[in-house]
Amino acid sequence: MPGTGCGGEPSFLLLLVPAASWCCWCLPAWQVRACPDPVDEMQKMAELLGRGDKCGEGALGAPSLAGSCLADNRLNLDVYPDGCCRFLQLFEGRRGEVVQVEFLRLSSNDCLLGTTLSILPHLKHLKSLVLKGGHARDEFGLCQHGSLTSLPPDIGNLRCLTHLDLSFNSLSTLPSCILHLPSLRVLVVSHNSLVALPEDFGSLSKLTFFSAMKNQLKDLPQSIGELAVLQDLDLSENALEFLPEEVGNLHNCTELDLSGNCLSSIPDSLANLKSLRRLHLHSNLLVTVPASLASLPNLSRLDLQNNCLRAVPPEIQTSPFVRLRGNPLGETEPSPQADESRAGGLRRLFLASGEDSFTVTSEGCKVILACGIHFYFPPGAASDPLRIYFRTLAPDPQWVKLRHHDVLLSRALELQPHGVKFQQEVQIWMPYASPQTLHQREVVVRTFSGQSWSDLRTRLEQKRKSKKHVAHCSVLHFSWFLVVSRLVQNECKVPTEGTLLFSSVDPNIKVTFPPGVTEETRSVKLQVLPVSAEEIEEITADAGCRVSPLLCLSQDSLVDFLRPVRIQLPLPPGVTGLNLDQSRLHLLHGDLEGQTWDDITSQVVLEFTHLYAVFEVTHFSWYWLWYTTKTYIGGIAKKVYERLRMYQVNFIALQRKKDPEQVLLQCVPKHKVDPVLKKLQDRYRGPEPSDMVEMFEGEQFFAAFERGISIDMDRPDCVDGRLSFIFYSHLKNMKEIYVTSPVDRKGQAVKGQVSFYRGAVPESIPEDASRRRKGPDSLWLATLPIKLPRLKPRWRENPGPLNGFSFPPLNLGNAETGYLTQANLLSIARRVGADWQTIGLNLGLTYQQIERIGYNNREDLDKQILDMLFSWAQQNSEDPDCVSKLITAMKESGRQDIADEVETIIELGRQKYRESIRRVGLEQECSTEDSAIAMM
């Protein structure tokens with residue numbers, strides 16, 4: 001149990017454990033009324049540190065590992081799982097240097113955070129402090145919030161602190177010490193559990209940026225209007241129901257994000273925000289907006305999507321920068337006598353591709369996601385306003401466990417919060433890839449409870465206009481969902497009196513349970529896999545071989561039946577009781593994994609009719625009738641069963657005709673190759689598809705560029721220099737990437753290639769297949785040529801004047817979002833094309849700016865693009881969130897390809913930055929890196 005300080009309140013507990021390791025459970029000293037002497041605490045800490053360290057090697061008196069983290073006036077320890085341990089080492093061994101640190105980053109997922117926090121007030125020169133959670137992730141890739149719930153009061157004495165990031169933590173109230181930071185300019189507390197801000201929040205007179213997105217704020221203090229120099233205010237995805245009039249006093253505010261709240265109206269005082277450029281009000285409950293918003297002189301974006309607006313002032317409706325989709329414009333107000341439960345009268349929300357949440361109230365609503373997923377929340381499903389978060393995930397075989405002969409038809413959908421029970425069932429419609437080639441199967445929605453997957457009762461529908469297939473299910477809880485095609489499953493309860501179960505795929509397949517077969521009622525499932533004569537002949541190369549449908553029986557009990565169960569199977573095609581040669585007929589029994597097949601013909605009593613074979617068993621598994629002259633039937637059946645689970649595929653590698661550096665790679669089932677190529681032939685060219693290979697559903701494979709062709713090795717999907725894919729027969733196994741070459745292409749073309757290799761052997765594949773896939777030679781699948789043509793100079797390569805333009809060096813963004821340089825913007829500009837005006841507007845440039853850029857460079861599209869991009873970059877060079885805004889603008893402009901390129905660039909920059917931190921040692925580095933850490 002924790003120790004107690006004076007007054008019975010808990011304080012530190014440092015617990016020594018064996019094997020020279022130590023750990024700490026702590027409630028920091030600022031929570032104790034009578035705190036121990038700080039000097040004594042430092043001495044105790046030194047004694048503990050001197051005994052050993054589980055986080056590094058050797059005694060802490062020689063902190064070689066920790067020392068390499070300290071570079072000039074920066075400590076970036078959030079990249080290490082033991083960052084707080086390293087900090088304690090440094091503070092003990094090199095205190096004089098540590099107290100001079102100006103930029104400090106720590107992970108609040110660290111178990112030693114409490115001990116570390118008590119030392120931070122000693123860092124009097126600290127300018128930037130980041131104590132973020134989200135560095136630890138669970139098995140599904142979800143960020144885990146940090147343990148931070150408060151701060152020591154002495155943090156308020158850090159008079160130099162200008163930047164404080166406490167996002168992804170567990171704060172329910174804002175620590176009071178923050179209000180005593182006289183120099184604070186940037187405060188980030190997003191992704192916490194704040195329900196209110198302190199009444200004197202306006203005392204932060206120098207604050208220019210404040211983000212409290214994704215909290216639980218219900219109202220704002222009136223003092224918020226005293227933040228005279230505030231420029232950026234993000235309060236999105238909270239529970240705000242009204243705004244104080246004092247918000248209109250934020251005269252320097254240029255961006256205000258109030259989206260994803262519960263606002264039914266906004267104050268007229270917002271018309272006083274003459275500096276406002278972007279106002280986000282989407283996904284609220286607005287029924288009216290003041291017409292005066294249209295007169296804001298600098299406003300370039302007013303987002304009113306997904307509200308309850310039935311009418312808007314004409315001045316707003318005709319403004320080109322206003323977005324109104326998802327509102328019931330023109331609809332009449334329902335009468336009080338109208339049936340409120342009528343689905344047609346519910347609020348409808350249309351969410352754009354960049355949104356990831358929405359609010360549900362007790363009135364209910366319909367929600368339509370950009371990916372085609374629909375939700376129906378009936379009135380009363382949620383008693384209080386509830387924020388729903390969603391995302392779609394690429395299925396990963398590590399946690400999406402498919403059963404034999406299952407086919408995945410959709411991406412995985414995650415809905416949060418998990419575990420919240422609705423008062424009424426919520427309906428979900430999930431689009432899926434229609435399994436046109438999969439006959440005698442059924443489609444179900446499968447959900448994950450956190451421990452196992454289970455199938456939901458599913459109804460299939462087809463949209464009238466789009467003709468898309470959707471799977472419809474109802475749930476009371478939110479979790480993970482995906483759509484799967486499985487073998488048709490018939491099931492029943494078997495009581496003591498016995499019963500009859502037959503297959504809906506083939507009614508001639510029957511299972512009879514006699515009376516007394518079980519003492520307790522148990523559940524039994526039956527599945528049938530039809531196998532055609534053509535498939536058997538192709539696999540076995542034996543025209544005389546015939547088989548019955550495959551029968552799989554399973555139950556929810558581990559105990560065998562008390563009496564034999566009678567099974568009726570149809571005889572193989574072409575075989576009847578009249579021409580039956582019993583020496584050629586074999587009854588095979590397979591385990592549930594299909595790994596072993598035993599001939600049990602001599603172990604059971606087979607009875608024959610004109611069309612059927614009948615036998616009795618006491619335990620369940622796979623059963624299969626074979627009619628052949630072959631002798632070793634078990635091995636042949638195993639091979640056939642394996643092949644029935646495999647797909648014949650071809651690989652294609654195509655290059656864009658207008659941009660050969662953009663390469664499309666795809667693994668296509670054999671029967672889809674011609675339609676896919678026909679669809680792509682207008683935009684792409686390339687070699688013929690590869691030879692046919694065979695793959696299992698959910699199998700991993702890689703693409704490696706070779707012979708002078710290279711890609712970005714730091715892509716998230718890049719493993720050891722190769723692109724990782726997961727094959728799913730009915731999903732698009734496709735990636736479009738940009739390739740480069742280390743070879744100088746000014747004088748010659750580069751003739752390279754892309755090769756495809758198998759990945760790790762899936763756990764569920766048969767043992768024989770696993771043995772065949774071991775060793776480097778057996779992993780190769782196919783190779784296709786890639787040619788990069790000789791370069792034709794178009795853009796000037798020097799960093800000076802660019803097509804008549806001259807711009808100062810750029811370093812946009814921050815260490816969290818990554819950086820974009822002048823060279824990066826030039827690379828992006830090459831791909832913009834005629835979409836530059838749409839992109840410029842979505843970036844926040846005014847129509848007047850766009851028209852002026854177009855007129856000034858009316859003879860040159862390249863100059864128009866450059867002028868637009870660099871004008872925006874110069875205006876937003878101080879905005880720490882400008883990179884993410886660029887990505888969002890590209891997506892909103894329909895340029896997902898450029899958005900992907902930017903994300904790749906910044907991810908590469910982040911990883912290289914982290915690697916440089918690990919390698920930097922004690923070397924002095926340039927001042928530009930100092931500013932990179934500051935995030936200001």
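Buried, as used in these legends, means a relative accessible area under 20%. The structure shown is a predicted model.

Figure 1. Cys882 is placed in helix 16, and with a relative accessible area of 0% Cys882 counts as buried. Leaving aside residues up to four places away in sequence, Cys882 touches Leu812, Gly813, Trp872 and Asn876. From Val883 to Val902 the separation is 19 residues in sequence and 8.3 Å in space, C-alpha to C-alpha.

**Figure 2. The protein as a whole, for orientation of the close-up views.** The secondary structure consists of 18 helices and 51 strands. The protein has 936 residues, of which 53% are buried. Among contacts with a separation of 6 or more, 61% are between residues 24 or more positions apart.

Figure 3. Helix 14 covers residues 847-856, and its buried residues are Gln849, Ile850, Ile853 and Gly854. Viewed down the helix axis, these buried residues fall within an arc of 130°, so they line one face of helix 14. An α-helix has 3.6 residues a turn, so residues three or four places apart point the same way. The other side of helix 14 carries the exposed residues Gln848, Glu851, Tyr855 and Asn856. The packing partners of the buried residues of helix 14 are helix 13 (836-842) and helix 15 (861-875).

Figure 4. Helix 12, residues 822-829, is mostly covered, with 7 of its 8 residues buried. The buried residues are Gln822, Asn824, Leu825, Leu826, Ser827, Ile828 and Ala829. Two packed helices are described by the angle between their axes and the distance between the axes. The axes of helix 12 and helix 15 come within 10 Å and cross at roughly 140°. Helix 12 is therefore oblique to helix 15. The crossing of these two helices is right-handed. Helix 12 contributes Gln822, Leu825, Leu826, Ile828 and Ala829 to the contact, and helix 15 contributes Ile865, Leu866, Leu869, Phe870 and Ala873. By class, this contact of helix 12 with helix 15 has 9 nonpolar residues, 1 polar residue and no charged residues.

**Figure 5. The crossing of helix 7 and helix 8.** Helix 7 (residues 533-540) and helix 8 (residues 633-644) have axes that come within 10 Å and cross at roughly 115°. Helix 7 is therefore roughly perpendicular to helix 8. The crossing of helix 7 and helix 8 is right-handed. On helix 7 the contact is made by Glu535, Ile536, Glu538, Ile539 and Thr540, and on helix 8 by Ile636, Lys639, Val640, Arg643 and Leu644. Sorted by class, the contact of helix 7 with helix 8 has 5 nonpolar, 1 polar and 4 charged residues.

Figure 6. Most residues other than glycine have a negative phi, and most peptide bonds are trans. Lys214, although not a glycine, has a positive phi of about 55°. Lys214 lies in the loop that runs between strand 9 (209-211) and strand 10 (232-234). With a relative accessible area of 15%, Lys214 falls under the cut-off and is therefore buried. Glu237 is likewise not a glycine and has a positive phi, of about 60°. The position of Glu237 is in the loop between strand 10 and strand 11 (255-257). Its relative accessible area of 9% means that Glu237 is buried. Gln416 and Pro417 are joined by a cis peptide bond, with omega about 10°. Pro417 is found in the loop between strand 21 (412-416) and strand 22 (426-431).

Methods: Residues are numbered from 1 along each chain as its sequence is written. This is a predicted model: local features need pLDDT of at least 70, side-chain atom pairs count only at pLDDT 80 or more; totals for chains, interfaces and linings use all residues. Side-chain values use heavy atoms; hydrogens and water are left out. Buried means under 20% relative accessible area, exposed over 50%, partly exposed in between (1.4 Å probe, protein chains only). Helices (H or I, at least four residues) and strands (E, at least two) are DSSP runs, numbered from the N terminus. The arc is that of the directions from the helix axis to the C-beta atoms. Contact means heavy atoms within 4.5 Å. Axes are lines fitted to C-alpha atoms, for helices over the stretch in contact, and angles run from 0 to 180 degrees between N-to-C directions. Angles under 35 degrees count as roughly parallel, over 145 as roughly antiparallel, 65 to 115 as roughly perpendicular and the rest as oblique. A crossing is left-handed if the near helix is turned anticlockwise from the far one by less than a right angle, and right-handed if clockwise. Ala, Val, Leu, Ile, Met, Phe, Trp, Tyr, Cys and Pro count as nonpolar, Asp, Glu, Lys and Arg as charged, and the others, Gly among them, as polar.
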